[in-house]
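Here's a friendly walk through this structure. Have a look at it first, and then we'll start with one of its helices.

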Amino acid sequence: MPKKKIQPLNEVKPLRESLLTPRPISEDEKIFLPSLRPRKFAEFIGQREIVERLKIFISAAQKRSESLDHSLLLGPPGLGKTTLATVISAEMGVQIRITSGPVLTRPGDVAALLSGLKAGDVLFIDEIHRLGKSVEEILYPAMEDYHFDVLIGKGPTARSLRMKVPPFTLIGATTREGDVAAPLRSRFGVILRIDYYSNDELTELIHSVSKRLNFPIMKDAALEISRRARGTPRVAIRLFKRMRDIAQVESRPSVDLDVVEKGMEMLKIDRLGLDYIDRGFIARTSRGRIATQKGFEYLGLKPHQQKNLANQPRLFEQ
Ligand code: ADP
């Protein structure tokens, strides 16, 4: 049998480019695509309680010259989990590596990521509930004791090598809190739940995006967009951009209420901010609107819960 080549320690597979989402931004992109992501807490809108807590944790960690505790960010998509991780790393003055659960398929992927970290760095794993078991098992000792074991070779010649990791901060984000494995969850020192934004906060966000993109918006128009953005910054930004398209095509100097009314009608977004795809998740019944089977699946609820809900006696009949 041919002898298996043992992979030396310093030859852990080089990081695949696709594992990390960020890449150097070209000069062209810098000119045409100003970043809309806040870089510091001062630019981060809303979530006051979370921000205040993080500021305390960060300044305490800095005073002790330690890395920040591993943190888990919970909340629906588009509410600013990635943004918050970026802000944390900027405030800590460290680098951030951004990746996500579904792309970290092999233990070697995590091993390569971990060995590339410098002291204090932030490793951000989006959709952390989608990590595989073997990948999670590498992460556990890395999070707790800053080392991990890699298995080298196969069969009787296989041996385990222990590798050290500098103290780092793992920031995990998930839209599905219930799917995070208990042993993983328990290794996070800080757990933060990001909530939907108020209309006022979204209005503030829209005005700041309008300034950054250098295209004005009227106050009432910004408020109307925020009302239809379902409490979600990503939706608010996307809607503002579409309204700007319409204003520009019509050679208007700003986004006004008329543009918004027209634009929402064009995009078929109703006053609750639901578009036709959302409405496909909802059925009109004699008891009002209820979620369809697809709607339940989208929300990550088991279909049988739908039946239970439908059969539930109503406490207060009107
Ligand atoms: P998530 O990771 O939760 O899906 P992101 O961090 O990608 O959400 O945020 C979506 C968009 O909304 C980004 O473009 C970001 O700039 C913007 N955004 C989110 N939260 C805020 C906030 N609190 N202040 C300003 N902009 C925000």
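Let's begin in helix 9, where Pro233, Val235, Ala236, Ile237, Leu239, Phe240, Met243, Arg244, Ile246 and Ala247 are buried. Buried means under 20% relative accessible area, exposed means over 50%, and partly exposed is in between (1.4 Å probe, protein chains only). Helices (H or I, at least four residues) and strands (E, at least two) are DSSP runs, numbered from the N terminus.

A word on where this comes from: this is a predicted model, where local features need pLDDT of at least 70 and side-chain atom pairs count only at pLDDT 80 or more, while totals for chains, interfaces and linings use all residues. Residues are numbered from 1 along each chain as its sequence is written, and side-chain values use heavy atoms, with hydrogens and water left out.

Back to helix 9. Its buried residues pack against the helices in this table, with contact meaning heavy atoms within 4.5 Å.

| Packing partner of helix 9 | Residues |
|---|---|
| Helix 7 | 199–212 |
| Helix 8 | 219–227 |
| Helix 10 | 257–267 |

After helix 9 comes Ser251, with a positive phi near 50°.

Ile225 touches Ile206, Ile217, Ala236, Leu239, Phe240, Met243, Val260 and Met264, leaving aside residues up to four places away in sequence.

How many strands form it, and in which order? It's an open sheet of 5 strands in the order 2-3-6-1-7, with parallel pairing; two strands pair if DSSP finds at least two bridges between them. Strand 2 (96–100) and strand 7 (190–193) are the edge strands, each pairing on one side only. Further in, strand 1 (residues 71–74) is joined to strand 6 (residues 169–174) by 4 bridges, and Ser71 stands opposite Ile171 in strand 6.

Finally, Ser208 lies in helix 7. Is Ser208 buried, exposed or partly exposed? It's partly exposed, because its relative accessible area is 24%. The C-alpha atoms of Ser208 and Glu43 are separated by 9.1 Å, though the two are 165 residues apart along the chain.
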